Amino acid sequence: MTFDDPLWSDPDFTLIRHENEIPWLILHLNRGFREYSQIPVPLRYRLADLLASIEEEMLAYYRPAKINIASFGNHLPRQHWHIMARFREDSRFPEPMWAEPAREAHHELPPFEPFVRRLLERLENS
């Protein structure tokens, strides 16, 4: 998936999939705020709700060891968040996904599409 082919979008946010060995989504703000402190407070509250919804659905569906949520914005200088389900069997755990692989990944995950359906239903009803 790409920004041109989002999983979900509304006037303020766009959600895309980052193709990887683990479930990894990226939530973009549609307006170009470079820093978190520049985001209007009501939008920050909505952001917190969206991140919590995505995290809760990942936890319920995938049962990972940990959810990582990260915001960098160095290469893409606008606010966006990476939400990743991490597993002890993934190739880099417990290091960040940007680290060199420590081993081959040995985990089988449930299919992505049912997770997306669950998540989209929740986002549309929130």
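Start by selecting Asp 12, in the loop between β1 (8-9) and β2. The model is predicted, so local features need pLDDT of at least 70 and side-chain atom pairs count only at pLDDT 80 or more, while totals for chains, interfaces and linings use all residues. Residues are numbered from 1 along each chain as its sequence is written, and side-chain values use heavy atoms, with hydrogens and water left out.

**Stop 1: Asp 12**

Asp 12 is partly exposed, at a relative accessible area of 23%. The scale is this: buried is under 20% relative accessible area, exposed is over 50%, and partly exposed is in between, with a 1.4 Å probe and protein chains only. Which residues does Asp 12 contact, leaving aside neighbours within four places in sequence? They are His 28, Leu 29, Asn 30, Arg 31, Leu 43 and Arg 46. Contact means heavy atoms within 4.5 Å.

**Stop 2: the sheet**

Switch to a cartoon view. Five strands form an open sheet, in the order β1-β2-β3-β5-β4, with antiparallel pairing. β1 and β4 (66-70) stand at the edges with a single partner strand each, so one side of each has no neighbour in the sheet. Two strands count as paired if DSSP finds at least two bridges between them.

**Stop 3: strand β3**

Select residues 24-29. Is strand β3 buried or exposed? Six of its six residues are buried, so β3 is largely enclosed by the rest of the structure. In a regular strand, side chains alternate between the two faces of the sheet. Color the two sides of β3 separately. Trp 24, Ile 26 and His 28 are on one side; Leu 25, Leu 27 and Leu 29 are on the other. Both faces are covered.

Next, show β2 (residues 13-17). It pairs with β3 in the antiparallel sense over five bridges. A hairpin of six residues joins β2 to β3. Zoom in on Ile 16, which stands opposite Ile 26 in β3.

**Stop 4: strand β5**

Select residues 80-86. β5 pairs with β3, antiparallel, over five bridges.

- Leu 25 is opposite Ile 83 in β5.
- Ile 26 is opposite His 82 in β5.
- His 28 is opposite His 80 in β5.

Seven of the seven residues of β5 are buried, so this strand too is largely enclosed by the rest of the structure. His 80, His 82, Met 84 and Arg 86 take one side, and Trp 81, Ile 83 and Ala 85 the other. Then bring in β4. It runs antiparallel to β5, joined by five bridges. The bridge partner of Asn 68 in β5 is Met 84.

**Stop 5: Arg 86**

Stay in strand β5 and pick Arg 86. It is buried, with a relative accessible area of 1%. Its side chain makes a polar contact of 3.2 Å with the side chain of Asn 68. A polar contact is a pair of N or O atoms within 3.5 Å; within protein, one must be able to donate a hydrogen and the other to accept it, and residues adjacent in sequence count only if both atoms are side-chain atoms. Show the surroundings of Arg 86. Not counting residues up to four places away in sequence, it touches Ile 22, Pro 64, Ala 65, Lys 66, Asn 68, Arg 92, Phe 93, Pro 94, Glu 95, Pro 96 and Met 97.

**Stop 6: Leu 109**

Move to Leu 109, in the loop between β5 and α2 (112-124). It is partly exposed, with a relative accessible area of 30%. Leu 109 and Tyr 62 are 47 residues apart in sequence and 7.1 Å apart in space, C-alpha to C-alpha. Leaving aside neighbours within four places in sequence, Leu 109 contacts Glu 21, Ile 22, Pro 23, Tyr 62 and Phe 87.

Key. Helix = DSSP H or I, 4+ residues; strand = E, 2+ residues; numbered from the N terminus.
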